[in-house]
Structures are given as structure tokens and as C-alpha cells.
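This report concerns the arrangement of strands and helices in the model shown below. Please read it alongside the sequence and the coordinates.

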Amino acid sequence: LRPIKSLSKSIMFAVHARASFARLRLGLPARRAIIHQASPGLGSLEFTIAPYKDVPELGFQKSDKFCMLTLRFSSRFDDTTEEEQRELSEQKRQRRAAYIESLFDEFDKDASGRLNKDELTMALARIGLPHDAGAVHGMIHRQDVEGDGKISKEEWPKVVAEAWGSIPDMKFCNRLGDLYGSSSGHEPLDGNRACTFLGRASPVGWALRCYRNIFPYALQSCQLMRNTEDNPDFDPAKMESWLKGYEGDGAQPVLTVEELAHVAAEQKPAMKGGLVVQIIPVDPIENKPDNLYVPLRGLPQNGPKGFFSGWFGS
């Protein structure tokens, strides 16, 4: 088990330690500890996006109307059990909920327990939703259950959910390597990956939402950046903001998730025009900068298992 520094995490550490000792007494191998918010180093992270053609052996059972989005994790997540993956997801949900509450307090300038239209305008801008007068009116109409023309603290999480969605239980897959064989000219989807699917015609901002939700830790913000020149070190000074809002209000012209996959595949992430996901965690990650820049690699549609089919392979 890895040492956990904070008191709150020490409690969780003790629980897992007792469970591990019990397993040893039974002659079973000790389980690995859950990775916590303060865990050091995330290893070689990579986001990918590609139109997906179903491979029955993988068990996803998706039609050809979907794109597949993945995140390669650190080896720290290898061999975690389903129970540990669910617990990691629940930790992330709890930390996001606390952060959402703190955001409400930040924008509730008069400490009234309600966000008026001006406060809500600023809050919507922060979470990545449209914040013009019409958008603010629409949000109040949808979420103001109490009918006072304001958003209460209890109503606020549903407002945020319109931007960020919900956090799924973590699912890891290490069987994607054959989707792109050596003859395809593309590096395989190696390593342990989180995997999710979006309809090809879904709004482009939904991809950003998915990347936020499959990242293993709660995030303050998540946006797409684009290199303005070749950038092998992923220097943010050589990037421009490309997609910030969940309604697709960045500088990019694309409209759908599939079009995003095409754009991402045009250039490697470290090249001029390549795409990078900027990640700002809620809590500092040990040995990592406050802002993380994770490459986004676009791929063409896969073919049958182990074969390459191009964008519109049959």
C-alpha cells in the first residue's frame, strides 16, 4: 500500500490495510490500494478519439454510429478490482460535489443563498455554458424549482450537470491494442485505458465533457488547446485556446464529435495544429504542475480486429 499523507486519506488507508491483512491471513494476495487525489505522478497520459466500428470480441456492442474516446492511464491503475474502481469513482464524485458547492459560495456575492441573474451569468461562464441573457433566462426556467427567479444552493448542482454531466463508474480496458495493427501506420491503443462512446453526430462539446468525466480525479476545468507551432514539449506558450465551452463556443469551426476526430487526426498532438487537452485538477497532484497538458490523438475508423480500414472502412 502506498502511504497517504492527509488525515482523511489515512483513515481510508487503514481500512484498506485491514482488508489486505485479512486477505493475507486467508492466503490471498493483498489488493492494491485505491489511487487517491494526492497520488504522485500519473504516468504517460494520452487522450484519443476515433470513429468506431464494432469488434464483437471486445464486448462493447456499439453500432457504427459512435466514436470511441479513451484515456490511457498510469500503470498505477493496472490490476485494480471492480470494487476499487467503483470506490475511486465515488471519491471523485464526492470531491466534485464539494468543489461545486465551493463554486456556488464564490459566486453568491451577497451570501443570500441564491444566485441572482448577474451572479448566475458569471457562474455559467465559469462552468462553460452560454451566459447571454437568453441562456440565463432559460437556465432559471429549467432549474428554478422554487420559482423565485434565482438559483438556490440546492438547485445549483443540476445547473452544473448541464455542463459537466455525471461521473460514471471507472471502467478500464487493456485489450484495445489490436484495433490498429502494425500495418495501419498508427501506434496501437496500448496500456490500461478508460473507454467511453459518443454518437458521431453529438455536439463537439460533449467530447470535452467525456474527457472531464473519465479523468481519474475531480477537475476545476478542462479545455482543448491547439498548437500554434511545433510543440514537442507541450509548452502552453505555443498553444491557443480552441474549445472551452460545452456548447462549442471556442475558436474552432467543427460542430460534431466525428468532425473533432477528423481534425485531431490531421496532425500529431506535438505538431503545429495538433490538439492538447488542458487539465486543471481541483486538488494538486504531487509531482505534477497545476496545469496538465495531455495530448489528444485522433485516429481513423478501425477495421475488423487487427486490421486498418481508413475513415470509412466497411
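## Strands 1 and 2

In this predicted model, Ile49 stands opposite Leu69 in strand 2. Strand 1 (residues 46-52) and strand 2 (residues 66-72) run antiparallel and are joined by seven bridges; two strands pair if DSSP finds at least two bridges between them. Helices (H or I, at least four residues) and strands (E, at least two) are DSSP runs, numbered from the N terminus.

The model is predicted, with local features needing pLDDT of at least 70 and side-chain atom pairs counting only at pLDDT 80 or more, whereas totals for chains, interfaces and linings use all residues. Residues are numbered from 1 along each chain as its sequence is written, and side-chain values use heavy atoms, with hydrogens and water left out.

## The sheet and its edges

Eight strands form an open sheet of mixed pairing, in the order 5-6-2-1-10-9-7-8. Strand 5 (172-173) and strand 8 (239-243) are the edge strands, each pairing on one side only.

Helix 6 (residues 205-214) packs on this sheet, and among the strands it touches are strand 6 (193-199) and strand 7 (219-227). The direction of helix 6 makes about 125 degrees with that of strand 7. Helix 7 (residues 257-266) also packs on the sheet, with a direction at about 120 degrees to that of strand 1. Contact means heavy atoms within 4.5 Å; axes are lines fitted to C-alpha atoms, for helices over the stretch in contact, and angles run from 0 to 180 degrees between N-to-C directions.

## Strand 10

Strand 10 pairs with strand 1 in the parallel sense over three bridges, and Thr48 stands opposite Arg297 in strand 10. With strand 9 the pairing is antiparallel, over five bridges; here Val276 stands opposite Pro295.

Seven of the seven residues of strand 10 are buried (under 20% relative accessible area, with exposed over 50% and partly exposed in between; 1.4 Å probe, protein chains only). Leu292, Val294, Leu296 and Gly298 point one way, and Tyr293, Pro295 and Arg297 the other way.

## Helices 4 and 5

The axes of helix 4 (residues 133-143) and helix 5 (residues 156-164) come within 10 Å and cross at roughly 120 degrees. The two helices are therefore oblique to each other (under 35 degrees counts as roughly parallel, over 145 as roughly antiparallel, 65 to 115 as roughly perpendicular, and the rest as oblique).

Met139, Arg142 and Gln143 of helix 4 make the contact with Lys158, Val159 and Glu162 of helix 5.
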